[in-house]
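Dear colleague,

Please find below the structure that I am handing over to you. My findings follow it.

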Amino acid sequence: MRSNKQIQKILSSNHKPFQIGLAIVGCLIGFFLILVSVQSILNFKYLFSDAKQGIGSQYMVINKKVNLFSTLNFSKTTFTKKEIDEISTHPSIQKFSAFVGNKFEAEAYLEMNEGPRQARLRTELFLESVDDEFIDIELDKWKWDSTTNEIPVILPTDFINLYNFTYAPSRGLPQISKNTVKLFGFSITIRGNNNEKTYKGNIIGFSDRISSMLVPKSFLDFANNKYGLPGIGSEQSTYRIITAVKPNELSNFQAFLMENNYETNQELLKNGKFVGLMYLFISVIFIIGLIITINAFTGFILYFHLLIYRSRNELDSLLRLGFSHYKLVRNYLFRITLIIIPLVIIALAGLILSQQYLAQLLFKYNFEIPASIHLYSVLAMVSVTAILVFVFFIQIRNEIFKIGLPTKSRD
Amino acid sequence: MKIAFNNITPLSFEYNQKEDSIWGFNNTLESPGVYKVIASSGSGKSTLISILSGLRSDYAGDIKYDNQSILNFNAKDWSALRSEKISLVYQDLRLFPGLTVRENILLSQDITGANIATAMTELEAFASIMNISNQLDKLVKHLSFGQMQRVAIIRAMMRNYEWLILDEPFSHLDQTNANIAWELITQEAKKRNAGIIIACLDPYEFIKADKIFHL
């Protein structure tokens, strides 16, 4: 359409793009900040969702707070069925398991031969079990065979650390490695309900996740059923719960715990606070980016209002010739598109480069993120641009429809 | 196409009620036909042209194009009317000073859908008759007002129309050039079976009208 070129020529006489140089720079910065914030959120989601990165689910052991009332037996520290249901169905939870404790007497014996002397160490035990999916060691040995006399046992890492770095030095005893401990055979005698049996305890590993002496759930169910003492808890007595919390939901879950007066590892809650703060920080960047972009677009709109005002006479003449209002609106839309599209491309190119740089940088620290930008970042950019261009279109349309028409036809 | 004036009266100024006026009467103008509107300064010639072309709304009464009231026209209707049914020469000409004469005249050929080669031939023929052939590639801002009037007349004639509406088109033309222009205008209008409304200060005796209005 040759008239488009001439219309462009007529209306360009008042067009001075350098007058919106600041708005162009602002728009570019705003676009880049929006892209960076959206891509950052997607990067974090990728990091948290990929188990290989080591920052997947956060495991939390939850219990009710013990206070004076519970000590005096006025209040219970067991979870009710309703509370368990509420925790297990919380949207922040990925996995859930209630701890099962022993309801029988249990003792451990360790026979030590030191030259001519023989010593027998004895201690009372508490045993617990959780669902296998929460066990943080290889599961191939974590099976109880009811036809044998052996029970696999997992000890907390804290236990051997306490021994090696606190108890042993104070008593002049030798420190022992985890592998050495695994070689120790010790006996577990369980007793109750007029039954008694001694098993051989096999330490198969140490758990960083759970601070308890763990035995397989199948064994504990069997033993509680056979040796369980009447009056020591009921089947529903759950004192502790272990959960796998989505890492990006830690702060939400923390709020839930506080609201219900539950306790957990405070260090993990700090992680939750960190994740929450990180998302807040990214959100602030996004909002700043959006504000800068909106301001820049407001600058564009004001500039084009001024341009239309300056070109009012020419626009009026074109309309008198029979050019449609929308043809002239499209002309201005074309101009803003010529400004915006290069900015979007530059901002996207900047994001692509920074994502590649970040991926290389994180790789050095054993974290892995995609080297390419996410489609959602592009979609976010396109959406923001489309909304702003639409606002621009409405503004310009309203302004141009004020020209070349009798008042009552301006609709 | 008929243009019907139904008791149209301006609201922005006092007018003298005359027997052969457009203001305050019902009149129907039919094409082809030549209608001359003679009026002194300030009596509403340009107001009338502006109302006819949809630029003003400060009037009472109604104007109908082929029984369609302009009171119900929206932006699209006005664009359609201006691009297909009426072609105007405004008193202030409404040319684009930054374009050449040729560009000014061919600007609206996209609307008319005319073949560019045919339009160029017609343009050069009109320019020759109007004695501005040597001005075609000059910027309009470098022309005299009389030359600009001739450009505006050619532009109006080369558009689609059923009515040519001219507001003081010969105010800066000498008698000879005014005669030439009028002869060309009437020839072209006749070819298209179009009507002419010409508003002028002077009676211009060489303009033979089917009806004369005095404002």
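This is a predicted model: local features need pLDDT of at least 70, side-chain atom pairs count only at pLDDT 80 or more; totals for chains, interfaces and linings use all residues.

Confidence

The model scores ipTM 0.93 and pTM 0.68. In chain B the mean pLDDT is 91, and 100% of the residues reach 70 or more. Within chain B, confidence is highest in helix H6 (residues 145-157), at a mean of 96, and lowest in helix H4 (residues 109-112), at 78.

The two chains in outline

Of the 411 residues in chain A, 28% are buried; of the 215 residues in chain B, 45% are buried. Where contacts link residues at least 6 apart in sequence, 80% of those in chain A join residues at least 24 apart. For chain B the corresponding share is 78%.

Chain A

An open sheet of four strands in chain A has the order E2-E10-E1-E11, with antiparallel pairing. Strand E2 (93-98) and strand E11 (262-263) of chain A stand at its edges; each has a single partner strand, so one side of each is left without a neighbour in the sheet. The partner of E11(A) is strand E1 (residues 58-64) of chain A, and these two strands pair in the antiparallel sense over two bridges. A:Asn63 has A:Glu263, in E11(A), as its bridge partner. Helix H4 (residues 81-88) of chain A lies across E1, E2 and strand E10 (240-245) of chain A, and runs at about 150 degrees to E2(A).

In helix H7 (residues 217-227) of chain A, the buried residues are A:Phe219, A:Leu220, A:Ala223, A:Asn224 and A:Tyr227. Viewed down the axis of H7(A), these buried residues fall within an arc of 125 degrees, so they line one face of the helix. This spacing can be read against a general rule: an α-helix has 3.6 residues a turn, so residues three or four places apart point the same way. The cover over the buried residues of H7(A) includes strands E3 (100-101), E6 (128-129), E7 (150-156), E8 (185-192) and E9 (195-207) of chain A.

Where the chains meet

In the interface, 23 residues of chain A are in contact with 22 residues of chain B. On the side of chain A that touches chain B, the elements giving two or more residues are helix H1 (2-12) and helix H10 (312-320) of chain A. H1(A) provides the largest share of that side, five residues. By class, the side of chain A that touches chain B has seven nonpolar, 10 polar and six charged residues.

Strands of chain B

E4(B) runs antiparallel to strand E1 (residues 2-10) of chain B, to which six bridges join it. B:Phe5 has B:Ile63, in E4(B), as its bridge partner. E4(B) is also joined to strand E5 (residues 68-69) of chain B by two bridges, again antiparallel, and B:Tyr65 stands opposite B:Gln68 in E5(B). E4(B) and E5(B) form a hairpin with two residues between them, and B:Asp66 in the turn has a positive phi of about 45 degrees.

With kind regards

Methods: Residues are numbered from 1 along each chain as its sequence is written. Chains are lettered from A and ligands numbered from 1 in the order in which they are written. pLDDT is the predictor's confidence in each residue, from 0 to 100. A residue is buried if 20 or more other C-beta atoms lie within 10 Å of its own, exposed if 12 or fewer, and partly exposed in between; C-beta atoms are placed from the backbone. The arc is that of the directions from the helix axis to the C-beta atoms. Two residues are in contact if their C-beta atoms, placed from the backbone, lie within 7 Å. Ala, Val, Leu, Ile, Met, Phe, Trp, Tyr, Cys and Pro count as nonpolar, Asp, Glu, Lys and Arg as charged, and the others, Gly among them, as polar. Two strands pair if DSSP finds at least two bridges between them. Axes are lines fitted to C-alpha atoms, for helices over the stretch in contact, and angles run from 0 to 180 degrees between N-to-C directions.
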